[in-house]
Amino acid sequence: MSIDWAAFGQVFGVSLVVTVGIVGLFTVGIVGTSRKPVREGEAATASAPGAGARAGAVAAFALCAAAVAYGIYLIVAG
């Protein structure tokens, strides 16, 4: 039995890059939906994120969902 180390390295590298990318996208979505912190001298209530931030967060979550759905498709179709 022999191991194809080049193929193993490719799978490891692609998996690492895709994992970091999806986690990064999810983080962008979380940050886009979070409330802004209150600064000194401002009202005690935190303000909601703007429409652009919320739209970016929805797009980031949609890309994450699409990546997960594509991964499930690859597993089931095989």
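User: Hi! What share of the 78 residues in the protein chain counts as buried?

Analyst: Of those 78 residues, 8% count as buried. Buried means under 20% relative accessible area, exposed means over 50%, and partly exposed is in between, with a 1.4 Å probe and protein chains only. This is a predicted model, where local features need pLDDT of at least 70, side-chain atom pairs count only at pLDDT 80 or more, and totals for chains, interfaces and linings use all residues. Residues are numbered from 1 along each chain as its sequence is written, and side-chain values use heavy atoms, with hydrogens and water left out.

User: Thanks. How many helices and strands does the protein chain have?

Analyst: Two helices and zero strands. Both kinds of element are DSSP runs numbered from the N terminus: helices are H or I with at least four residues, strands are E with at least two.

User: How far apart are the end C-alpha atoms of helix 2?

Analyst: They are 38 Å apart. Helix 2 covers residues 51-77, and its 27 residues should span 39 Å at 1.5 Å a residue, so the two values agree. The expected span is 1.5 Å times one less than the number of residues.

User: Which residues of helix 2 are buried, and what do they pack against?

Analyst: A57, A60 and C64 are the buried ones. They pack against helix 1, residues 5-33. Contact here means heavy atoms within 4.5 Å.

User: Where does A51 lie?

Analyst: A51 is in helix 2 and counts as exposed because its relative accessibility is 67%. Its C-alpha is 9.6 Å from that of G32, 19 residues away in sequence.

User: Switching to aromatics: how many aromatic pairs are there?

Analyst: The structure has three. One of them is Y70 with Y73: the ring centres are 6.4 Å apart and the planes are at 25°, so this pair is stacked. Rings of Phe, Tyr and Trp (its six-membered ring) pair if their centres lie within 6.5 Å; planes under 30 degrees apart count as stacked, over 60 as edge-to-face and the rest as tilted. Y70 and Y73 are three residues apart in helix 2, which means about one helical turn separates them. Both are exposed.

User: Last one: which residues form the nonpolar surface patch?

Analyst: V68, I72, I75 and V76, with about 430 Å² of accessible area together. I72 is in helix 2. Patch residues have over 30% relative accessible area and no salt bridge; like charges are joined within 9 Å, and nonpolar side chains (Val, Leu, Ile, Met, Phe, Trp, Tyr) within 5 Å. A salt bridge is a side-chain nitrogen of Lys or Arg within 4 Å of a carboxyl oxygen of Asp or Glu. Areas come from the Shrake-Rupley method with a 1.4 Å probe; for residues, only the protein chains shown count as cover.
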